[in-house]
Amino acid sequence: MVKKRYELEILWENGLLTKRKITETERVLIERFGARFIVDKYEVDREHKVQPVSFQVWDDYDDPLVSSKS
């Protein structure tokens with residue numbers, strides 16, 4: 001079985017676009033909890049003051065998997 005790789009893109013309120021690789025588990029959590037998971041994840045990483053405006057999860061073939069507007 002081939003493991004899919006995913007990329008998370010977040011557009012922050014300050015206009016900053018961040019991208020990072022995510023795991024299958026993180027993708028599932030994003031599908032389940034949406035922006036709440038993203039904020040919690042970044043708070044754990046000590047980024048308490050940032051709030052996502054929207055995010056998009058892409059697979060390696062640039063197919064969108066999940067998106068959310070908060």
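Buried means under 20% relative accessible area, exposed over 50%, and partly exposed in between (1.4 Å probe, protein chains only). This is a predicted model: local features need pLDDT of at least 70, side-chain atom pairs count only at pLDDT 80 or more, and totals for chains, interfaces and linings use all residues. Residues are numbered from 1 along each chain as its sequence is written, and side-chain values use heavy atoms, leaving out hydrogens and water.

**View 1. The chain as a whole.** Two helices and four strands make up the elements of the chain. Helices (H or I, at least four residues) and strands (E, at least two) are DSSP runs, numbered from the N terminus. Their order from the N terminus is β-β-α-α-β-β. Of the 70 residues, 31% are buried.

**View 2. The largest nonpolar core.** This core has 13 residues. Such a core is a set of buried Ala, Val, Leu, Ile, Met, Phe, Trp, Tyr and Cys residues joined through side-chain atoms within 4.5 Å. Among those with the most contacts inside it are Leu-8, Ile-22, Phe-55 and Val-57. Strand S1 (6-12), helix H2 (35-44) and strand S3 (52-59) each give two or more residues.

View 3. Lys-19 and Glu-9 meet through their side chains (3.9 Å, N to O). A salt bridge is a side-chain nitrogen of Lys or Arg within 4 Å of a carboxyl oxygen of Asp or Glu. Lys-19 lies in strand S2 (residues 17-22) and Glu-9 in strand S1. Lys-19 is exposed at 52% relative accessibility, whereas Glu-9 is buried at 19%.

View 4. Arg-27 pairs with Glu-31, their closest N and O atoms 2.6 Å apart. Arg-27 is buried, at 12% relative accessible area. Glu-31 is partly exposed, at 43%. Shared partners join Glu-24, Arg-27 and Glu-31 into one salt-bridge network.
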